Amino acid sequence: MKIRFFLITTIFALMLSCKKDGNGGLSIKIKSISSNIIPINASLQVIFDFTDNGGHPIDSIYMSKVRINQNQTPTLNDSFGLSAPSYNGTTKGQLQLDLNYSGFLTSAQSPPIIDSTHNESDSVIIKFVAIDNANNKSDTVSTGLIVVQR
């Protein structure tokens, strides 16, 4: 069971670390994030610059959270496929994602308790890959450390 989990995790990590496939010239870069510290029930706004030399509209954005806390604990679903925000089909531009707290940002199923009123925050790095209508994949881009307060 542990070997199977390790193999699946390794394959997933390799897929995320791959650079763009070159077929469509799809590229994304993180232009800005609204904050590195997310208070309870707040959201995170991520703005991407994109270039799509293949002329195919971006269809979806794949998001994966990596929890890097020292205290290891089971995590919630940390990978999502998101519909890309609509845009006018240009080959260059910006996309904005608004990620809500409980749906996309929290990671630990049961965060360790610090004291009677506080739980350990989730320290995460979030990775993104864009996919266009022709199934071309962009390079993987990552946020810096983001602390999601719990």
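Predicted model: local features only at pLDDT ≥ 70, side-chain atom pairs only at ≥ 80, totals over all residues.
I placed serine 34 in the loop between strand 1 (26-33) and strand 2 (37-38). I noted a relative accessibility of 43%, so serine 34 counts as partly exposed. I also checked valine 46, which is twelve residues from serine 34 in sequence and 6.6 Å away in space, C-alpha to C-alpha.

I next followed leucine 44. Apart from neighbours within four places in sequence, its contacts include Ser34, Ile33, Ile38, Leu99, Ile126 and Ile146.

I then turned to the largest nonpolar core, which has 26 residues. Leu44, Phe48, Met63, Leu99, Ile126 and Phe128 touch the most other members. Among the elements that give two or more residues to this core are strand 1, strand 3 (44-52), helix 2 (101-105) and strand 9 (122-132).

I searched the whole structure for aromatic pairs and recorded two. Phenylalanine 48 and phenylalanine 128 form an edge-to-face pair, 5.0 Å centre to centre with 75° between the planes. This pair joins strand 3 to strand 9 across 80 residues. I found phenylalanine 48 buried at 1% relative accessibility and phenylalanine 128 buried at 0%.

Phenylalanine 80 lies in strand 5 and phenylalanine 104 in helix 2, 24 residues apart. I found phenylalanine 80 buried at 14% relative accessibility and phenylalanine 104 buried at 19%.

Definitions and conventions: Residues numbered from 1 in each chain as written. Heavy atoms only, no water. Helix = DSSP H or I, 4+ residues; strand = E, 2+ residues; numbered from the N terminus. Buried < 20%, exposed > 50% of the residue type's maximum accessible area, 1.4 Å probe, protein only. Core = buried A, V, L, I, M, F, W, Y, C linked by side-chain atoms within 4.5 Å. Contact = heavy atoms within 4.5 Å. Phe/Tyr/Trp six-rings, centres within 6.5 Å; stacked < 30°, edge-to-face > 60°.
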